[in-house]
Amino acid sequence: MKKIIYLAILLATQFFYAQNQVAKKPETVIIINNEIATMEQVMKYGNEGYIKSMNKGVSEQERNELAKKFGDKIGDREFIVVVEVFTEQEKIENDKKLKTDVAEQQTPEKQEQFLLNVNDKAKDFTLKLVDGKEVKLSDLKGKVVLVNFWATWCAPCLQEFYDIPSKILEPFKNDNFVFLAISSGETETAVAKKVVKLKKDGLDFNFGIDSKEIIWNQYAKNAIPKNFLIDQNGIIKYVTVGNAEGNLDNIASEIKKLLSK
């Protein structure tokens, strides 16, 4: 009897940890000429001038067709990159065009990324969460708040999410810290559907909806993901854009500094 009870406890414990473990971060699958390729192949094509285009993400139908051929190697459609390469004749014509193009190339102006910057006061907002609750930023005064802007179609955003539990949430779970993940410009239905999948993978955040981009338009423009770290007095102290190597480590370091004050 004791052995049965022990086995039951062991199985229950394993089930608990399985349910609370974050799934492995999705890997990007590269498709060239309808075959799975490596980043080394992409670099080789790029160095030789053969790349015509690179498209991140495919339709659900295109993803399903690829899955029929490659099976489990194909993951979610957001993490599929299709690279189109020139034929030999197309490359010859493209090289000629590049050589004969005498138009003066103007350096594009650096795109503005932030409407609010470090040391600015964070704009107050009321965020509706996927579960129907609401969070008002000003009500979180006294806490350190990390505001993350993302979208269901944004692969870098989603890949960043898979590191947030271990690098951000777990280290500060017992501190006065709040993480708000705000999806901008998407319907409540689309966000809720994606959140179901994310929660199954162990990503259980304060997922919020900014369908009309009211919050987004007060904080930033252009690329996502973007993170705004706000101190206990509502002042922005740190910002990041993209899912660059070390971003979350730097954010964690800044959170620690703010909490120690």
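A salt bridge here is a side-chain nitrogen of Lys or Arg within 4 Å of a carboxyl oxygen of Asp or Glu. Keep in mind that what you're looking at is a predicted model. By that salt-bridge rule, the count comes to 19.

**Lys-197 and its partners**

- Start with Lys-197 and Asp-76, which form a salt bridge whose closest N and O atoms are 3.5 Å apart.
- Lys-197 sits in helix H7 (residues 188-200), while Asp-76 is in the loop between helix H3 (60-70) and strand S4 (80-85), so this pair ties together parts that are 121 residues apart in sequence.
- How exposed are these two? Lys-197 has a relative accessible area of 30%, so it's partly exposed, and Asp-76 is partly exposed too, at 25%.
- Lys-197 also forms a salt bridge with Asp-201, and there the closest N and O atoms are 2.7 Å apart.
- Is Asp-201 buried or exposed? With a relative accessibility of 13%, Asp-201 counts as buried, because buried means under 20%.
- Now zoom out a bit: Asp-76, Glu-78, Lys-194, Lys-197 and Asp-201 are linked in a network of salt bridges.

**Lys-221 and Glu-112**

- Next up is the salt bridge between Lys-221 and Glu-112, with 3.8 Å between the closest N and O atoms.
- Lys-221 has a relative accessibility of 34%, so it counts as partly exposed.
- Glu-112 is partly exposed as well, with a relative accessibility of 43%.

**The disulfide**

- How many disulfides does a search of the whole structure find? It turns up one.
- That disulfide joins Cys-154 to Cys-157, with an S to S distance of 2.3 Å.
- The link of Cys-154 and Cys-157 is right-handed, with 80 degrees about the S-S bond.
- Are Cys-154 and Cys-157 buried or exposed? Both of these cysteines are buried.

Notes:
Residues are numbered from 1 along each chain as its sequence is written. This is a predicted model: local features need pLDDT of at least 70, side-chain atom pairs count only at pLDDT 80 or more; totals for chains, interfaces and linings use all residues. Side-chain values use heavy atoms; hydrogens and water are left out. Helices (H or I, at least four residues) and strands (E, at least two) are DSSP runs, numbered from the N terminus. Buried means under 20% relative accessible area, exposed over 50%, partly exposed in between (1.4 Å probe, protein chains only). A disulfide is a pair of cysteine sulfur atoms within 2.5 Å.
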